[in-house]
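Hi,

Here is the structure I promised to pass on. Have a look at it first, and then read on for what turned up.

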Amino acid sequence: MVAFDVTTVGFMASVEMFEVWAPFAHDVRLLVDGAEHLMSRDDTRTGWWVLDPAVVTPRDGQRYAFRLFDGTDWSKPLPDPRSRAQPDGVHGTSQVVGADFDWTDESWSGLHLRGQLIYELHVGTFTDAGTFEGVVDKLDYLLGLGVTTIELMPVQPFGGMRNWGYDGVEWFAVQDSYGGPKGLKKLVDAAHNKGIAVILDVVYNHFGPDGNYNGSFGPYTTAGHTDWGDVVNLSGPGSDEVRAYILDAVRQWLDEFHLDGLRLDAVHAYDDRRAFSIMEEIRRVSDSVAEATGVPRTIIGETDQNDPRIVNDESVGGYGLSAQWLDDVHHCVHTLVSGERQAYYVDFGTVDILADTLRYAYRFRDTWSEYRRRTHGRPLDLDAIGPWRMITYTTTHDQTGNRAAGDRPSQYLSPAQQVLKAAVVLCSPFTPMLFMGEEFGARTPFPFFCSHTDEELNRLTREGRFHEFARLGWDPEDVPDPSAPATFESARLKWEFDRDQDEIFEAYQALIGLRERYGFARDDLREMTVDNSETWLTMSYDSPVPVVLACNFSDAPVTVPVGGELVYSFTNPQVTADSTTLEPWGFALLERAV
């Protein structure tokens, strides 16, 4: 690690010394400027090694690495676990990077989550450029759509040049091929000047398998295994430093990089048995940065546990995160429109379940789950916390990429079905999120892809995907090879729209505008009424203007017992003062007479 002088909040550009936490090592050498220097133990901090700055003073752009002695042999040169940049990839030398940047976002006051529209994107496939600069070029497009916040899939360095990002290994660095740390800062600065917030997806539940040398330095992981790798050591011996590793990274992103928030990947996979959750500590760092800067910060947790502690306040035993991803609404509308009921979708699939989920957010509230074969979840007091703290969506990188072929809903649903799903999400009281390309019915898939530098890892990844999808009933022949360049290239968005795509885009634009006009982001669900039958559902609000969304979840026309003045529809409903006849998969947004 290269230490930076810290004052109040944030990193200064002045570099002090080379240091590294390596409690497993008997001795440590620093490789820099073509020479090796034996480091000394820091008597004030257990497991830390330092080099007297009088021997070598770090300078911006300098390359360096460490060699560790295990009592018998010296290791090969290893990158710094706290590396700020890896220009030659995860196996190469680290690079000293100062915090200097000419920010121009002084007038940015930030955005509170309520009332926002989030747009999730993958930097490498969002544009042909596959860089942060490519995203900058699309900011006006996003602004025109109505996006207020972009959420970047993980950008920490990974093995090779192609990856979803969840195989990151240096948690303080930025993937060089995307534009490195300076490129990320340029994107954040440009977005703020457009009035758009930026949230970063971060992975603290496992390390990627390619280029992870942290285990040579110290106990970054512990016994146990997640679906993606070894368990991060949040509770065992040495976990104080591992938690500091995470919290220092959180502070770096929120303060030095001016990011408006973080999305914490799969927090249910944290092996955290300490009295204070790492999520509480992350939120406290976020709160301290927000207080010091005057700019609000948002921390979102991804979990499938239906556990209100994620968003509940500390005063009632919660972790106090700003929000959580809510898969339940997605599962409800997906099963209704697509008809799929395999795997975890078996617990969904009726309009009654959708109505219940719109009322209570959690599908399971200490109730039976057929998929899990046990009771699941706990009730959430939405009136106490605000329904806008639930993030909902019609699809995400997971819900698309974790299908055998990575096919998007737009590749197997009609335009009317796609827009119906969007209407439910965008007219709900929850905070909506779009996944890149859904707003125009993109026909490019988003399969899982990687490019590990070890061919054996590629083989294991490929076979693991084939086995998992076969277990779920998919044909292995439908699963693309994750490591094939063509799989990655197939995921790039195509930005030339045909007539159907133009109409879908216009529908999204209209619904997003109407969401703001009618103030669907609510503090209290008592302001919303849900009614339903086996095939239709209505979602009504009484203020500030009486308005109702009527939806038909069937392939036959239905007549719904609500009427009024038609505000918007993607199809051609027949509306009277007392009823509305909806076409198959149709919806109507209506203003009702007072």
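**The annotated active site**

UniProt, in an unreviewed entry, lists Asp265 and Glu302 under "active site". They are spread over 38 residues of sequence, yet they cluster in space, with a largest C-alpha distance of 5.4 Å. Please keep in mind that this is a predicted model.

Asp265 sits in the loop between strand E14 (261–264) and helix H7 (278–293). Its relative accessibility is 7%, so Asp265 counts as buried, the cut-off being under 20%. Setting aside neighbours within four places in sequence, the residues in contact with Asp265 are Tyr166, Asp201, Val202, Val203, Asn205, Tyr270 and Glu302.

Glu302 belongs to strand E15 (residues 298–302). Glu302 is buried as well, because its relative accessible area is 10% and buried means under 20%. Not counting residues up to four places away in sequence, Glu302 touches Asp265, along with others including Arg263, His268, Trp325 and Asp398. Ala266 is also among the residues that Glu302 touches: a polar atom of the Glu302 side chain lies 2.8 Å from the backbone nitrogen of Ala266.

**Cavities**

Across the whole structure, four cavities of 30 Å³ or more were found. The largest cavity has a volume of about 100 Å³. Its lining consists of Thr394, Thr395, Arg408, Pro409, Ser410, Leu413, Gln418, Lys421, Glu438, Gly441 and Tyr508. By type, three of these lining residues are nonpolar, five are polar and three are charged.

Happy to go through any of it with you.

Best wishes

How values were computed: Residues numbered from 1 in each chain as written. Predicted model: local features only at pLDDT ≥ 70, side-chain atom pairs only at ≥ 80, totals over all residues. Heavy atoms only, no water. 1 Å grid on protein atoms, 1.4 Å probe; cavity = no way out; pocket = protein on both sides within 12 Å on 5 of 7 lines; lining within 4 Å. Points joined across faces, edges and corners; volume = space filled by probe spheres on them. Nonpolar A, V, L, I, M, F, W, Y, C, P; charged D, E, K, R; others polar. UniProt positions renumbered as here; feature names shortened; annotations may be inferred. Helix = DSSP H or I, 4+ residues; strand = E, 2+ residues; numbered from the N terminus. Buried < 20%, exposed > 50% of the residue type's maximum accessible area, 1.4 Å probe, protein only. Contact = heavy atoms within 4.5 Å. Polar contact = N/O pair within 3.5 Å; in protein donor to acceptor, adjacent residues only side chain to side chain.
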